[in-house]
Amino acid sequence: MDIDLERFFDTVHHDKLMRIISYTIKDGDVISLIRKYLTSGVMVNGKRENTPIGTPQGGNLSPLLSNIMLNELEARNLNFVRDADDSIIFVKSEKAANRVMKSITNFIEKKLGLIVNAEKSRISRPGNTKFLGFGFYYDTHTKKYQPRAHQDSVRKFQRKLKQLTKRNQGISLNNRIMKLRQVIYGWVNYFKIAKLKKILTTTDAKLRSRLRVIIWKQWKSNKKRIQSLIQLGIPEEEAKGLTYCRKGYRYIGLSKVVQTALSNKRLKQRGIPFALDYYLEVHTAI
């Protein structure tokens, strides 16, 4: 069950939240301070507006208060995973899911005073579920569901890499490499618990092809391209043959001559990050 809370931070009921907090905190001054924080108001277009409900989005205390409120779900003794207001609950059958969905919706709305978005909340099997960018698949070897990067997350990642390797961007290769490293390392670190070898193998191949084209284009003149290829170990006739061919950039990036001259080893020595290499490094460390 994928539970979606509608405008969570804007709909937190102050009295219900303070009652939950009072179960643990007995200091009246702390309780009063939290209440003042909740009702202090917000500035909208230079004017103060009252906040009779909700917690200030972006405030330092809001994430903690939201966790205190939603931790009440633990009292239901359900198998669930939650990150802030995103929650999924696991049961053994569709019949049980329908029963629990009705029960948990009633609990959230009546006990916590929040609003469950009926249109976005849904019941599905793990293989059709997306949670925090992850999808799930059934591993026949372990007989368990395992996490994977959801296809939407993969496409978004690949689009970002494609954007950073546009040929018409007037930035140096060093700056491009720095930005690629930031994106690749960040994405891999987030999804490192999933199996990504196949996805990253394909992604790296496409990325290297685009980077080879960028380097080829930066050589600019035919003379420079021939000289560079020769310096990288390509016979003069092959260097001239590729330089004077009328094929487009896609052909250039995939040609054996350029792949030999700008080999994976040379690209790595240049500082270009390989997503698969970094994944294998951090994944095995878990």
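Which side chain of opposite charge is nearest to the buried Arg208, and how many Å away is it? In this predicted model, the nearest side chain of opposite charge is that of Asp204, at 4.3 Å, and Arg208 is buried yet has no salt bridge. The reason lies in the cut-off, because a salt bridge needs a side-chain nitrogen of Lys or Arg within 4 Å of a carboxyl oxygen of Asp or Glu.

Arg208 has its place in helix 8, which runs over residues 197-219. Once its neighbours within four places in sequence are left aside, Arg208 is in contact with Asn264, Leu267 and Phe274.

Asn264 counts as partly exposed because its relative accessibility is 36%. With its neighbours within four places in sequence again left aside, Asn264 is in contact with Arg208, Arg212 and Phe274, and the side chain of Asn264 makes a polar contact with the side chain of Arg212.

The following table lists distances given for pairs of residues.

| Pair | What is given | Distance |
|---|---|---|
| Arg208 and Asp204 | nearest side chain of opposite charge | 4.3 Å |
| Asn264 and Arg212 | side-chain polar contact | 2.8 Å |
| Asn264 and Ile115 | separation of C-alpha atoms | 53 Å |

The last pair, Asn264 and Ile115, stands 149 residues apart along the chain.

Another part of the model to look at is helix 2, residues 14-22, whose buried residues are His14, Lys16, Leu17, Met18, Ile20 and Ile21. The cover over these buried residues of helix 2 includes helix 3 (28-38), helix 4 (62-70) and helix 5 (94-110).

Technical notes. Residues are numbered from 1 along each chain as its sequence is written. This is a predicted model: local features need pLDDT of at least 70, side-chain atom pairs count only at pLDDT 80 or more; totals for chains, interfaces and linings use all residues. Side-chain values use heavy atoms; hydrogens and water are left out. Helices (H or I, at least four residues) and strands (E, at least two) are DSSP runs, numbered from the N terminus. Buried means under 20% relative accessible area, exposed over 50%, partly exposed in between (1.4 Å probe, protein chains only). Lys and Arg count as positive and Asp and Glu as negative; His and the chain ends are not counted. Contact means heavy atoms within 4.5 Å. A polar contact is a pair of N or O atoms within 3.5 Å; within protein, one must be able to donate a hydrogen and the other to accept it, and residues adjacent in sequence count only if both atoms are side-chain atoms.
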